[in-house]
Amino acid sequence: MRITLEFVGEKNLVLPIHYNYVVQGFLYDLMGDSDFAAFLHDEGFQYEKRKFKLFTFSRIEGEFKILTNSKGQKKISIKSPFKFTVASPLDEFIFDISKNALKKEYCHFNGQKFILNSLNIDNPPVFKNKARIKFISPVVMYTTLKDGDIKYTYYYSPWDEKFSPLLLNNLLKKYELVYKIKAKDPYFKLYPLSEKEDRRYSKMIKYKNVYVKGWMGIYDVETTPELLELAYYTGLGAKNSQGFGCFEIIG
């Protein structure tokens, strides 16, 4: 399921430039104190050495401006109303946050009060073998490499030939976790619309104390309808529950 939540308030929402952790924390808070909430927050679904939370969310949509203080530190000020999308193949997760959001008189973002103005369940698109998609939060794909005794993270670009195979491998793990079977005849290919790497779509996002490199933009995708549907609800690539890999189908 996918939902879009819209909020209103008397003042602008002011957040750190890198606010993914704030939105993720807001969603966990909405889940309350259930056993499922504790499991999802603390453990998640394990596949070999990887753990998946199986949800994703978009960037906040709304009219905004960047504020800079005397020390050069920046924040983002988002005008009311503002909204964002949350998606998951786990209906329990969506039901839980929806129910609790509707119960609250006020929702808090970084200590700021806002009222839930609307909560809409998004109508699912038709999933086909080919689609044009637009990322509404950056897509991330990486590998941990070693240089001698030193480990480092290498982030791939959508123009890299390894990008699509890594996306497919990631999707297949999610597929097994969600459906308890292996996907039939899987394939996945993501095509940038320009031949050369377009750095305008490269985004460096700070999550807690780590910088993560992702990519926005519009791309063409070829895959099975089943894998496209799964990607639509879990997000594409890595770090989905940190606010990465959420997309909409535009064609």
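Helix α4 comprises 17 residues and spans 24 Å from its first C-alpha to its last, close to the 24 Å expected at 1.5 Å a residue. The model described here is predicted, and every value in this report is computed from it.

Among the residues of α4, F163, S164, L167, L168, N170, L171, K173, K174, Y175 and L177 are buried. The elements that cover them include β3 (45-47), β4 (50-52), β14 (188-192) and α5. Two packed helices are described by the angle between their axes and the distance between the axes. For α4 (residues 163-179) and α5 (residues 225-234), the axes come within 10 Å and cross at roughly 85 degrees. Because of this angle, α4 is roughly perpendicular to α5. On the α4 side, L168, L171, L172, K174, Y175, V178 and Y179 take part in the contact, and they meet E226, L227, L230, A231 and T234 of α5. By type, the residues of this contact divide into nine nonpolar, one polar and two charged. After α4 comes K180, whose phi is positive, near 65 degrees.

**Helix α3**

Helix α3 (residues 91-103) has 13 residues and reaches 18 Å between its first and last C-alpha, close to the 18 Å expected at 1.5 Å a residue. Its buried residues are F93, I94, D96, I97, S98, N100 and A101.

Leaving aside neighbours within four places in sequence, V86 is in contact with M1, R2, I3, L5, L27, T56, F57, F93, I94 and I97.

T56 is found in strand β5 (residues 56-57). With a relative accessibility of 0%, T56 counts as buried. Apart from neighbours within four places in sequence, T56 is in contact with T85, V86, A87, Y233, T234, G235, N240, F244, G245 and C246. The C-alpha atoms of T56 and P81, 25 residues apart along the chain, are separated by 21 Å.

S241 lies in the loop between α5 and β18 (247-249). S241 counts as buried because its relative accessibility is 12%, under the 20% cut-off. Setting aside neighbours within four places in sequence, S241 is in contact with Q24, K53, F55 and F57.

**Backbone features**

Most residues other than glycine have a negative phi, and most peptide bonds are trans.

| Residue | Phi |
|---|---|
| K180 | near 65 degrees |
| N110 | near 55 degrees |
| K208 | about 55 degrees |

N110 is placed in the loop between β9 and β10, and N110 is partly exposed, with a relative accessible area of 48%. K208 lies in the loop between β15 (202-207) and β16 (210-215). The peptide bond from S80 to P81 is cis, with omega near 0 degrees. P81 lies in the loop between β7 (74-78) and β8.

Definitions and conventions
Residues are numbered from 1 along each chain as its sequence is written. This is a predicted model: local features need pLDDT of at least 70, side-chain atom pairs count only at pLDDT 80 or more; totals for chains, interfaces and linings use all residues. Side-chain values use heavy atoms; hydrogens and water are left out. Helices (H or I, at least four residues) and strands (E, at least two) are DSSP runs, numbered from the N terminus. The expected span of a helix is 1.5 Å times one less than its number of residues. Buried means under 20% relative accessible area, exposed over 50%, partly exposed in between (1.4 Å probe, protein chains only). Axes are lines fitted to C-alpha atoms, for helices over the stretch in contact, and angles run from 0 to 180 degrees between N-to-C directions. Angles under 35 degrees count as roughly parallel, over 145 as roughly antiparallel, 65 to 115 as roughly perpendicular and the rest as oblique. Contact means heavy atoms within 4.5 Å. Ala, Val, Leu, Ile, Met, Phe, Trp, Tyr, Cys and Pro count as nonpolar, Asp, Glu, Lys and Arg as charged, and the others, Gly among them, as polar.
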